[in-house]
Amino acid sequence: MTQQAAAAGSAKRYNPRLELYKGIWKRLRKNKSAVIGGGIVIFFILLAIFGPMLTGVDPNATDITNKNQPPSADHWFGTDNYGRDMFTRIIYGTKLTLIVGFLSVFIGGAVGVVFGIVSGYYGGWVDAVIMRIMDVLLAFPGILLALAIVSVLGGSLTNMIIAIGIFSVPAFARIVRGSALSVRKLEYIDAMKALGASDIRIIFKHILPNVTSPIIVQATLRIATAVLTASGLSFLGLGAQPPAPEWGAMLSAGRTYMHDAPHMVLIPGIMIVIVVLAFNIFGDGLRDALDPKMNK
Amino acid sequence: MAETILDVRDLRTSFYTDEGEVKAVDGVSFSVPKGKTIGIVGESGSGKSITSLSILRLLASNGKVVGGEVRFKGDNLLAYSEKKMRGLRGNKISMIFQEPMTSLNPVFTVGQQISETLIEHQGMSKKAAMAKSVDLLKLVGIPSPEKRVKQYPYELSGGMRQRVMIAIALACNPEILIADEPTTALDVTIQAQILGLIRDLQQRMGMSVVLITHDLGVVAETCDYVAVMYAGQVVEYSDVRTLFRKPRHPYTIGLLKSLPRPDADQEKLVPIHGTVPSPLHMPVGCRFNPRCPAATDLCREQLPDLFDDGEGNQVRCWIYNEQWPGEKEVDVFGEERIARR
Amino acid sequence: MTKYIIRRLLQTIPVLIGVSILVFSLMHLIPGDPAQIIAGEGAPEKTVEQIRERLGLNDPIHKQYLNYMGGVVQGDLGNSVRSGRPVVDEIKTRFWVTLELATYATILAVFIGLMAGIISAVRHYTFTDTAIMIVALFGLSMPNFWLGLLLIDWFAVGGDWLPAWAKLRPSGWGDSWRQVILPVITLGTGGAAIIARMTRSSMLEVISQDYIRTARAKGLSDRVVTYRHALKNALIPVVTVVGLEFGGFLGGAVLTETIFAINGMGRLTVQAINTRDFPIVQGAVLVISVLFVFVNLIVDISYKLLNKRIDLG
């Protein structure tokens with residue numbers, strides 16, 4: 001009786017998934033780069049949400065008498081060529097940057113995961129077709145695919161998000177396909193099928209949980225790439241349109257005045273570097289924490 | 001006993017990990033007589049491989065020999081400079097490893113990998129070294145060595161690769177060959193061949209062999225002396241006949257009792273209960289005490305030394321010491337032992 | 001091996017067809033009437049009709065594609081709607097400029113990346129390693145056009161130092177060392193960072209292999225073990241990254257060429273997008289992508305060749 005009670009008690013307390021999360025959390029906390037990167041990411045998210053409330057200045061309020069001013073007590077990051085307060089614009093731009101990063105990766109990730117699972121789980125010609133499509137998307141090097149898409153859709157923030165989303169699809173599809181393929185080959189999946197489990201159930205119960213870690217790591221690193229790509233497109237005038245305080249667009253605008261007012265180029269650039277760096281460091285840390293095998 | 005060529009005294013090796021210091025080897029002593037084979041036996045995790053790597057100072061960067069001596073012909077190797085040590089490795093003392101499949105470099109030919117040692121230690125020309133490589137392949141019983149010498153490891157089977165490893169090890173006529181589980185990864189038939197080859201070459205070349213294994217059968221067949229390791233320590237050291245006839249340490253007795261032996265009038269196999277302790281949480285006192293049926297308070301408080309019986313046989317157990325507080329006759333795994341001889 | 005090469009070659013065929021379909025579709029994905037957009041808002045109906053006629057937009061879509069492909073196969077990528085000149089002529093000279101820029105950037109990235117990665121791996125967990133890896137992280141996280149702007153600002157003031165260098169180059173873009181060196185640094189930095197990180201992790205993985213322990217047990221010096229036994233194995237996976245980086249540079253040239261005003265494919269593409277000269281956009285994107293597909297093909301095959309010994313082992 002006592003033994004039974006003890007067994008029941010320990011069964012209640014021991015939850016393997018919970019233990020796994022605990023282990024990940026422990027490793028994550030110990031990982032310096034994950035803590036630093038994650039901290040900066042959280043800081044920027046808070047800044048994007050609450051920053052605009054704090055400044056109380058209109059990011060598009062022009063003041064021609066005060067244009068191209070270097071950083072000062074009144075204007076911490078100086079003013080731009082219309083005399084707009086750069087600090088306020090940078091803070092408003094944080095939101096745009098993060099929206100582009102998260103949303104495009106979310107779109108690309110969702111589509112990529114679905115493609116990857118269908119491809120890896122069903123195999124055969126479905127797999128062949130999907131993977132060839134991914135190959136085609138990957139045949140456009142770097143920024144070129146996003147550029148081509150924006151060129152037809154027209155330059156705007158929304159179109160840029162769509163373009164970068166499409167650009168992110170293959171990376172997710174490939175990773176998920178690989179994992180789905182290896183899980184599908186496991187014998188217990190055959191056993192589940194023999195017991196009458198539906199495909200949907202197997203996918204959600206057994207395949208998805210197995211690919212979560214690589215998806216999270218990939219998503220974090222992809223956000224860094226997305227932010228970089230977005231800044232490039234905006235710099236070319238194919239992303240966010242003026243007067244939106246997008247960092248890449250601000251950089252592009254400041255270019256003309258670079259020699260006399262270098263802060264107009266320096267500050268948005270530094271902000272981009274910090275955000276991208278934070279996501280990269282956080283992603284590296286996550287990878288180490290989520291995949292203990294790679295630590296060795 | 002023949003002249004001692006290698007004498008390991010109280011060797012201690014630690015690894016420094018995130019969880020703290022791991023004392024993988026903590027008090028290992030044994031000696032290797034010239035021309036003889038000594039077996040180091042133990043379960044996995046007992047520290048036998050670390051012992052062999054410590055002798056050649058080939059530990060991973062987070063491992064360090066923290067105490068003891070390794071005397072090769074009287075010289076303490078632990079005090080050697082790295083350069084002097086390099087001159088010894090692969091030359092006077094060679095080593096072969098457990099995994100023949102991964103122990104050869106995939107991007108170099110067999111011949112390149114053998115001749116490298118000859119060029120390094122004997123200053124041979126590339127051409128002469130290559131010719132000698134062919135001879136060595138012949139020596140270790142590889143058919144058509146002229147062809148094999150130009151092949152890459154992937155073109156060879158596991159047994160062949162282990163022969164190549166032996167050829168590399170023997171290239172400079174070493175005085176000691178350390179073989180770390182040389183047959184564990186191989187098929188049973190190949191195992192016998194490789195062991196036979198090592199024994200045969202040992203006799204021909206007059207070298208000493210340190211054979212690390214978990215297999216008591218291999219020990220009985222191949223070795224002259226045996227050191228039994230448990231939890232990072234040598235618990236018993238004796239010649240092979242004594243060990244099998246009159247094992248003295250409860251762990252050794254337990255090991256032999258848990259093995260099926262066709263010769264002994266054995267009624268049933270007796271398992272040793274419990275598990276090997278984690279190196280991070282070693283028991284106080286004798287390391288075997290939680291699993292020992294004869295353990296007393298003394299065993300639980302104080303670690304016994306290696307007691308010598310005056311004939312060169314040693315055992316790390318209180319039963320064989322004057323301080324033993326228990327009965328004169330102790331029942332260990334169904335074997336009656338007499339406390340003092 | 002031959003079988004692998006043939007299979008890999010056959011695999012590129014559907015990819016090339018896919019690329020051509022996608023590039024062809026660009027024109028048709030334009031929301032609204034492409035002819036109207038090319039002509040500009042408020043253009044007379046006659047002009048729009050002319051453009052539509054010239055681009056063959058009245059034909060059924062599959063016929064349009066076949067016509068387009070028929071032209072592509074014969075080296076005809078259509079005509080620019082602005083200058084009226086064949087797209088091939090517009091692209092031809094600029095192609096070599098971009099190819100050259102990307103090649104130099106690759107050389108720079110490989111050279112710096114390998115050196116940094118090897119040093120980092122050899123001295124892993126030391127100050128040097130940490131410093132190199134932090135620099136690499138910055139290199140990876142910097143928008144390359146921003147780096148380019150900074151370089152221009154720092155170095156563009158002052159005299160020309162090495163003017164003769166430019167004359168040595170066949171395509172002849174730029175006429176001073178700055179115009180060659182600075183774009184190459186701008187374009188290559190990110191790639192150098194990636195190669196450095198890759199080399200380091202590959203080296204560290206190789207160093208923990210059994211055969212490295214064997215090499216040390218032979219009595220070889222650390223130098224020989226590192227540079228002979230480890231490096232040769234560690235470089236194999238780096239080969240793939242180099243190919244990808246080269247492709248990335250072809251794409252990344254868009255920004256670099258724009259800020260340095262280099263008349264390459266990238267700048268041409270951006271200009272064409274701004275003037276809605278879609279045949280040029282299509283042509284440029286197609287040419288770069290096809291080149292990238294073939295670079296990847298070569299990389300995959302050479303990786304397979306290099307890796308053969310390990311793969312089967």
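Predicted model: local features only at pLDDT ≥ 70, side-chain atom pairs only at ≥ 80, totals over all residues.
## Who touches whom

Start with the chain pairs.

The contact between chains B and C draws on 25 residues from chain B and 19 residues from chain C. On the chain B side, helix H2 (82-88), H3 and helix H4 (110-122) each put in at least two residues. H4(B) gives the largest share, four residues. By type, the side of chain B that touches chain C splits into 12 nonpolar, eight polar and five charged residues.

## Chain A: helices throughout

Of its 296 residues, 45% count as buried. Take the contacts in chain A between residues at least 6 apart in sequence: 70% of them join residues at least 24 apart.

UniProt, in an unreviewed entry, lists residues 94-283 of chain A as "domain: ABC transmembrane type-1". That span is 82% helix and 0% strand, and its end C-alpha atoms lie 19 Å apart.

## A helix pair in chain A

Two packed helices are described by the angle between their axes and the distance between the axes. For helix H6 (residues 144-153) and helix H7 (residues 157-184) of chain A, the axes come within 9 Å and cross at roughly 145°. The crossing of H6(A) past H7(A) is right-handed.

Which residues of H6(A) and H7(A) make the contact? From H6(A) come Leu145(A), Ala146(A), Ile149(A), Val150(A) and Leu153(A). H7(A) brings Asn159(A), Met160(A), Ile162(A), Ala163(A), Ile164(A), Ile166(A) and Phe167(A). The contact of H6(A) with H7(A) counts 11 nonpolar residues, one polar and no charged. As for the spacing along a helix, an α-helix has 3.6 residues a turn, so residues three or four places apart point the same way.

## Chain B: a mixed sheet

Chain B carries an open sheet of eight strands with mixed pairing, in the order E6-E7-E8-E3-E9-E10-E12-E11. E6 and strand E11 (307-308) are the edge strands of chain B, each pairing on one side only. Further in, strand E10 (residues 233-239) and strand E12 (residues 314-315) of chain B run antiparallel and are joined by two bridges. In one of these strands, E12(B), Gln314(B) is the bridge partner of Tyr237(B).

The unreviewed UniProt entry puts "domain: ABC transporter" at residues 6-256 of chain B. Over residues 6-256, chain B is 40% helix and 28% strand, with the end C-alpha atoms 27 Å apart.

## An enclosed helix in chain C

Is helix H9 (residues 210-217) of chain C largely enclosed or open? Six of its eight residues are buried, so H9(C) is largely enclosed by the rest of the structure. The buried ones are Tyr211(C), Arg213(C), Thr214(C), Ala215(C), Arg216(C) and Ala217(C).

These buried residues of H9(C) pack against strand E6 (93-96) and helix H3 (100-103) of chain B, together with helix H10 (222-260) of chain C. After H9(C) comes Gly219(C), with a positive phi near 90°.

Key: Residues numbered from 1 in each chain as written. Chains lettered and ligands numbered in written order. UniProt positions renumbered as here; feature names shortened; annotations may be inferred. Buried ≥ 20, exposed ≤ 12 C-beta atoms within 10 Å, placed from the backbone. Contact = placed C-beta atoms within 7 Å. Nonpolar A, V, L, I, M, F, W, Y, C, P; charged D, E, K, R; others polar. Axes fitted to C-alpha atoms, helices over the stretch in contact; angles between N-to-C directions. Left-handed = near helix turned anticlockwise from the far one by under 90°. Pairing = 2+ DSSP bridges.
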